[in-house]
Amino acid sequence: EKLDEKTIREIQKAQQNFVVNISRFNVLKFSPKFGKILFRRRWQELYDLRREQEDVLGPFIRSRREKLEQIKCVGNNTNIGYVDSLLTLTIPEEGDRKLTDGEIVSLCLEMLIAGTDTTATALHWIMANLVKHPEIQLKLFNEIKDVVVSDNGEKIKEEDLQKLTYLKAVVLEGLRRHPPGHFLLFHAVSEDTQLDGNHIPKNTGVNFMVAEIGWDPKIWEDPMEFKPERFLGNGGVFDVTGNRELKMMPFGAGRRICPAYSLGMLHLEYFLANLVKEFEWTARVGDDIDLSEKQEFTTVMKYPLHTLITPRIK
Ligand code: HEM
């Protein structure tokens with residue numbers, strides 16, 4: 001179903017309000033009993049945000065449920081989308097019940113946020129580094145120019161990306177130095193576990209310091225420097241899943257790794273290649289590009305990038 005511009009803006013606003021405010025709600029996890037009184041205002045804000053999400057997404061879910069019923073009646077089951085699969089899902093552990101509308105709203109938002117905010121944040125950091133280090137941007141542009149023979153003004157295509165080794169190195173370095181998530185989503189241990197001599201009881205919530213892992217000076221030389229060249233060894237091949245060797249984990253690792261890590265990499269490579277092919281990105285006079293961080297849903301630039309963009313001469 002095609003959404004009009006107004007609806008897209010409403011969904012975007014609900015998502016943005018959530019992303020920007022989420023870290024302010026962490027405090028609500030403590031002492032739920034007294035917290036309800038102590039943080040009454042903040043709880044109210046959270047409820048309001050939640051209502052906003054349900055108001056914008058709820059009608060689409062209900063309308064899709066009706067459509068699905070009609071499709072079932074005429075026996076046509078083509079065009080199955082994400083919401084359709086959630087609507088047909090049942091939970092065996094809970095008496096084969098279906099998901100509630102509220103749960104579906106959460107899952108849709110999770111997919112929207114996880115699929116856009118992470119990639120946009122990663123790209124923002126990478127562009128900031130390319131503006132800060134024009135020599136890296138130039139090297140990347142030269143690779144694009146030399147390797148992709150598409151001077152006819154066409155966009156770089158998906159199949160061209162495989163030939164761009166330095167592009168891949170820049171993306172990997174961006175994800176190492178500025179992973180959008182400095183932590184993963186919360187995990188819990190399913191059994192009593194020993195970790196580095198510490199006893200972790202079953203059901204304890206655990207997380208991983210993603211950014212620190214990628215900045216470990218025992219693994220990475222000059223870890224805080226932005227040096228894509230470090231990824232050029234081994235023929236430019238690097239296993240970002242950590243299956244072979246875990247040196248960084250911007251997408252997590254193992255069973256709960258980001259289910260769309262390869263799509264995330266593809267988006268970053270594709271957008272970056274085209275942005276650099278079409279435009280030269282430079283700092284404003286006297287602007288040193290401040291790489292300070294700020295915690296939102298992802299770790300974003302505290303001072304968003306302002307840059308001058310000049311079309312490349314064809
Ligand atoms: C550069 C881009 C991306 C990065 C850095 C990234 C990173 C992550 C990380 C760190 C996690 C948590 C893994 C864990 O808790 O162990 C995650 C989960 C997730 N990601 Fe991504 N992601 C990216 C792109 C995407 C895209 C494009 C989509 C969807 C189209 C997506 C969908 C999801 C979903 C649905 C989850 C939750 C999975 C679960 O609950 O098990 N991500 N991602």
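## Contacts with the ligand

A backbone N or O atom of Ala114 sits 3.2 Å from a nitrogen atom of the ligand. This is a predicted model. Leu185 also uses its backbone: one of its polar backbone atoms is 3.2 Å from an oxygen atom of the ligand. His187 uses its side chain instead. A polar side-chain atom of His187 lies 2.9 Å from an oxygen atom of the ligand.

## The iron atom

Which residue is the donor to the iron atom of the ligand? Cys258 is the single donor from the protein. Its SG atom is 2.3 Å away from the iron.

Where does Cys258 sit in the chain? Look in the loop between helix 8 (210-214) and helix 9.

## Salt bridges

Side chains of opposite charge can pair when their charged atoms come close. This structure holds 21 salt bridges.

Start with Lys6 and Glu10. Their side chains meet in a salt bridge, 3.3 Å from N to O. Both residues belong to helix 1 (residues 5-21). They are four residues apart, so about one helical turn separates them. Is Lys6 buried or exposed? Lys6 counts as exposed, because its relative accessibility is 60%. Glu10 has 33% relative accessibility, so Glu10 counts as partly exposed.

Next come Arg62 and Asp101. Their side chains form a salt bridge of 3.7 Å, N to O. This pair links distant parts of the chain. Arg62 is in helix 3 (residues 40-74), Asp101 is in helix 5, and the two are 39 residues apart. Arg62 counts as partly exposed at 42% relative accessibility. Asp101 is partly exposed too, with a relative accessible area of 22%.

Glu103 is partly exposed at 27% relative accessibility. Arg97 is partly exposed, with a relative accessible area of 27%. Some salt bridges share partners: Arg62, Arg65 and Asp101 are joined this way into one network.

## Positive phi angles

Most residues other than glycine have a negative phi. Two residues here have a positive one.

The phi of Asp222 is near 40°, a positive value in a residue other than glycine. Asp222 lies in the loop between helix 8 and helix 9. Cys258 has its place in the loop between helix 8 and helix 9 as well. With 38% relative accessibility, Asp222 counts as partly exposed.

The phi of Ile289 is positive as well, near 60°. Where does Ile289 lie? Ile289 is found in the loop between strand 7 (279-283) and strand 8 (293-295). Is Ile289 buried or exposed? Its relative accessible area is 5%. Buried means under 20%, so Ile289 is buried.

How values were computed
Residues numbered from 1 in each chain as written. Predicted model: local features only at pLDDT ≥ 70, side-chain atom pairs only at ≥ 80, totals over all residues. Heavy atoms only, no water. Polar contact = N/O pair within 3.5 Å; in protein donor to acceptor, adjacent residues only side chain to side chain. Donors = N, O, S within 2.8 Å, 3.2 Å for Na, K, Ca; no water. Salt bridge = Lys/Arg side-chain N within 4 Å of Asp/Glu carboxyl O. Buried < 20%, exposed > 50% of the residue type's maximum accessible area, 1.4 Å probe, protein only.
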